[in-house]
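Let's take a friendly walk through a protein model, looking at its sheet and its charged pairs. Have the sequence and the 3D view ready.

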Amino acid sequence: ISIYTLEELEPSMASPEKTLDRIEKVAEQLVEDNKFMVIIGGEHNIPAGSVRPYAKKYKDLTVLQIDAHADLRDEFEDSRFNHACGMRRCREMAKKVVQCGLRSVSQEEMDFVKEKGLEKDLFFMPGFDVKKIVSRCTDHVYLSFDLDGMDPAYIPATGTPEPGGLNYYQVLDLFRELTKQKKVVGADFVELAPIPGFHAPDFTVARMIYKLLGY
């Protein structure tokens, strides 16, 4: 398998929406070329841009989110494209969103979940049943991995750590079952905030990306 690393995408200083448009254009080209895209990025609003071309191509698309937070706010800090709104925007594009690893949600988000009847698509820790999670996904899956979904003992290098998350082998079990049962079409790994001089979290993320590609 050949792996090619594109040049870094320069964010737009004008607005988050402009940056998402840039992400969408790159993703659109990779989808058109039948490449398997893995985005390594910062804030978890990135899939609000990268998911768009996948949702257009795969009408049954599921976004499978690994995250400590639900990211289902409609607006946060006067923006609908804040990182706390990423999965709310994805729900407007994809067929469905399945969320696992959750430990922290707001009342606003739970009100939305109950209003839309989405309870079966949210998996809170410590409950982590790989087969149940994968069974909630449709045939085509885009994986969106906020690294605070893992326990901070494994990934302390993130901006919003929450105790009680996934460990390395739970993540690999999910990757293995997901790629065995479904067609994974693209992925992003976001919210890594490297700690100078402490390389273990960076290496762990790199290894998980290679594992996903291998599976």
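A residue is called buried under 20% relative accessible area, exposed over 50%, and partly exposed in between (1.4 Å probe, protein chains only). This is a predicted model, where local features need pLDDT of at least 70, side-chain atom pairs count only at pLDDT 80 or more, and totals for chains, interfaces and linings use all residues. Residues are numbered from 1 along each chain as its sequence is written, and side-chain values use heavy atoms, leaving out hydrogens and water.

Start with the sheet. Six strands make an open, parallel sheet, ordered β1-β6-β5-β2-β3-β4. Here helices (H or I, at least four residues) and strands (E, at least two) are DSSP runs, numbered from the N terminus, and two strands pair if DSSP finds at least two bridges between them. Because β1 (37–41) and β4 (122–124) each have a single partner strand, one side of each has no neighbour in the sheet.

Now the charges. Nine salt bridges occur in the structure; each has a side-chain nitrogen of Lys or Arg within 4 Å of a carboxyl oxygen of Asp or Glu. Three of them are:

| Pair | Closest N and O atoms |
|---|---|
| Arg52 and Asp21 | 3.2 Å |
| Glu92 and Arg89 | 2.8 Å |
| Glu177 and Lys131 | 3.5 Å |

Arg52 sits in helix α2 and Asp21 in helix α1 (residues 16–32), so this pair ties together parts 31 residues apart in sequence. Arg52 is buried at 18%, whereas Asp21 is partly exposed at 31%. Both also belong to a salt-bridge network with Glu24 and Lys56.
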